[in-house]
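Let us walk through this protein together, one part after another. Please keep the sequence and the 3D view side by side as you read.

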Amino acid sequence: MNLVFSTLSALVLASAVLVSGAPQADALDGKRRGEQSEAREQFMAGQVKSLREIEGRILPRMRGMQYLGPEYDADTQVYRLKFLDNGRVIFVDVDARTGAILRQAG
């Protein structure tokens, strides 16, 4: 009986954790969609370079590092590309208008 109760308790707890994390996951997903929409709008207006072009310039410079993905800040028009290098996360901020590296940290 205790085994059944323990298993049931674990399932209830796991469900609660999953449900409580859902709004946060939805918020992050919505943020990413917003970033993509803003980047696309600014690209279509000729204000910034495409992510593909930015990645084409930056990724070859980061040889040996694992590319984790981008973030975009529409207010500052800066792409933040994230890399993993021997367990360390490296951030490369790139001016979306020019493609120039603004800073590299990590």
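Predicted model: local features only at pLDDT ≥ 70, side-chain atom pairs only at ≥ 80, totals over all residues.

Glutamate 38 counts as partly exposed, because its relative accessibility is 38%; buried means under 20% relative accessible area, exposed means over 50%, and partly exposed lies in between (1.4 Å probe, protein chains only). You can find glutamate 38 in helix H1, which covers residues 2-44. Helices (H or I, at least four residues) and strands (E, at least two) are DSSP runs, numbered from the N terminus. Leaving aside neighbours within four places in sequence, glutamate 38 is in contact with Tyr72 and Ala74, where contact means heavy atoms within 4.5 Å.

Residues are numbered from 1 along each chain as its sequence is written, and side-chain values use heavy atoms, with hydrogens and water left out.

Now step back to the whole protein. It has 2 helices and 4 strands, and from the N terminus on these elements run α-α-β-β-β-β. Of its 106 residues, 22% count as buried.

Where do some of the buried residues gather? In soluble globular proteins, nonpolar side chains tend to be buried together. Here, the largest nonpolar core has 14 residues, and Ile58, Tyr72, Tyr79, Leu81, Phe83, Val92 and Val94 are those with the most contacts inside it. Such a core is a set of buried Ala, Val, Leu, Ile, Met, Phe, Trp, Tyr and Cys residues joined through side-chain atoms within 4.5 Å. Helix H2 (51-58), S2 and strand S3 (88-95) each supply at least two residues of this core. Leucine 81 has contacts beyond its neighbours within four places in sequence, among them Leu51, Ile58, Tyr67 and Val92.

Next, look at the rings. The structure holds 2 aromatic pairs. Rings of Phe, Tyr and Trp (its six-membered ring) pair if their centres lie within 6.5 Å; planes under 30 degrees apart count as stacked, over 60 as edge-to-face and the rest as tilted. Tyrosine 67 and phenylalanine 83 form a tilted pair, with 5.2 Å from centre to centre and 40 degrees between the planes. This pair links distant parts of the chain, since tyrosine 67 is in strand S1 (residues 66-73) and phenylalanine 83 is in strand S2 (residues 78-85), 16 residues apart. Tyrosine 67 is partly exposed at 24% relative accessibility, whereas phenylalanine 83 is buried at 1%. The rings of tyrosine 72 and tyrosine 79 have centres 4.7 Å apart and planes at 50 degrees, so this pair is tilted too. Tyrosine 72 is buried, with a relative accessible area of 7%, and tyrosine 79 is buried, with 4%.

Which residue in strand S3 is worth a visit now? Aspartate 93 is found there, and it is buried, because its relative accessible area is 3%. Its side chain makes a polar contact of 2.7 Å with that of arginine 80 and another of 2.9 Å with the side chain of arginine 103. A polar contact is a pair of N or O atoms within 3.5 Å; within protein, one must be able to donate a hydrogen and the other to accept it, and residues adjacent in sequence count only if both atoms are side-chain atoms.
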